[in-house]
Amino acid sequence: TKRYGFLMEKLLDVNRSVLFTGTTGVGKSVIAKGQLNELQESSNVVPVLINFSAQTSSVRTQEIIESKLEKKRKTILGAPTGKRIAIFVDDLNMPKLDTYGSQPPLELLRQYQDFGGFYDREKLFWKQIKDVTICAACAPPGGGRNPVTPRLIRHFAMFCLPSPSEFSLKAIFTAITKGFFADFPAAVKEAAESIVNASVEIYGRMSTDLLPTPAKSHYLFNLRDLSKCIQGVLQADPGVIREHSHIFRLYCHECQRVFHDRLINKTDKRYFYGILSEMSSKHFQQDLSPEKFEESPIIFGDYMKIGASGSDRIYEELTNMKKVSSILSEYLDDFNMGSSSKEMKLVFFLDAIEHVSRISRMVRQPRGNALLVGVGGTGKQSLTRLASHMNG
């Protein structure tokens, strides 16, 4: 990370454009944004962040760039006096191709790189741009991403970020988990390495054995999934997680939320439970059959104290389903009283409780995202509204 950040800084010092490429989740955007924020504090660089999507147009791109520049003269735009602007374009290759196979936002950036400016779109005179450098990040083509024209790429110094080795992943996550478990009992501290080793092994097997197909196009596992699994374990509370069995059950729950919840049929789910059962005996000395995970689902949540603030919420295992159901009913009554829309009526059977807990877990996590897939009427919208209300 430091190496790529240093190279980026030195290239920006001489006004050279930088392009980071690599597979999803290797840290391209994090490195670039982190370096630009450092330069903003220590140097005269003003970062401007632009995210490209399939719907991005060249008109919108030009408007965003021009809104960040100062007018020096009628035909000259530039950075504020004494400063330089670094425009960081994330997902550079996402804009869709037009009729002729080009990507208009990229052609606009290429025009600036080639000729140092844009045309005014209304009066058609040339506007020169000064003190602006472009940085970008993109993943390889595929999955909605398109190849970038070599006429644009030639202007960039390109760095390919490789995926970390298994040894590096274990070193990074072991340091994080051991630091977090410093205040926990000895039995929990000892599980840190087991958690990391098992997580890395499960991630490796899931990403190689369960590949995407037309019917399972979302079976895309990347390093973000591995980090989400560890991040989930780091929600543990020292007052609740006191024994080895407690941290083991939390770990199993987080693995299920990250990997199992993406699987769409019983065959794949049983395969995952088989892996989890194998890891249980190999790394945690817990002898559990794959059927045990199916018969008695593990559910964790932080919503048992109604009205508690974020810092007072405790992430704990929910074992008493009758109590959970009655608390969810109270949340629902509270939601209906404060809602101006139509009253929501829900029955909290086991599947509904599991779904609410999953959505609630996602909402409470920093940078948490979820895509709910299901036929109409399965409660996607209702349960999301309730889970959002529960998290305040």
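How many residues does helix α14 have, and how far does α14 reach from its first C-alpha to its last? Select residues 350–364 and you have the answer: 15 residues reaching 21 Å, close to the 21 Å expected at 1.5 Å a residue. (The expected span is 1.5 Å times one less than the number of residues; helices are DSSP runs of H or I with at least four residues, strands are runs of E with at least two, and both are numbered from the N terminus.)

Before moving on, note that this is a predicted model, where local features need pLDDT of at least 70, side-chain atom pairs count only at pLDDT 80 or more, and totals for chains, interfaces and linings use all residues. Residues are numbered from 1 along each chain as its sequence is written, and side-chain values use heavy atoms, leaving out hydrogens and water.

**Stay on α14.** Colour its buried residues, which include Ile 353, Val 356, Ile 359 and Met 362. (Buried means under 20% relative accessible area, exposed over 50%, partly exposed in between, with a 1.4 Å probe and protein chains only.) Now show what covers them: α9 (223–233), α10 (244–258) and α13 (321–338) are among the elements there.

**Next, the sheet.** Select β3, β4, β7 and β6, which form an open, mixed sheet in that order. Its edge strands, β3 (70–73) and β6 (117–119), each pair on one side only. (Two strands pair if DSSP finds at least two bridges between them.) Zoom in on β6 and β7 (126–130), an antiparallel pair with three bridges; Gly 117 has Gln 128 of β7 as its bridge partner. Contact here means heavy atoms within 4.5 Å.

**Now find Thr 177.** Is Thr 177 buried or exposed? Thr 177 is buried, with a relative accessible area of 0%. Leaving aside neighbours within four places in sequence, its contacts are Ala 192, Val 196, Ile 230 and Leu 234.

**Last stop: α1 and α2.** Select residues 2–13 and 28–42, whose helix axes come within 10 Å and cross at roughly 55°. (Axes are lines fitted to C-alpha atoms, for helices over the stretch in contact, and angles run from 0 to 180 degrees between N-to-C directions.) The two helices are therefore oblique to each other. (Under 35 degrees counts as roughly parallel, over 145 as roughly antiparallel, 65 to 115 as roughly perpendicular and the rest as oblique.) Show the side chains making the contact, including Phe 6 and Leu 12 of α1 and Ile 31 and Leu 39 of α2.
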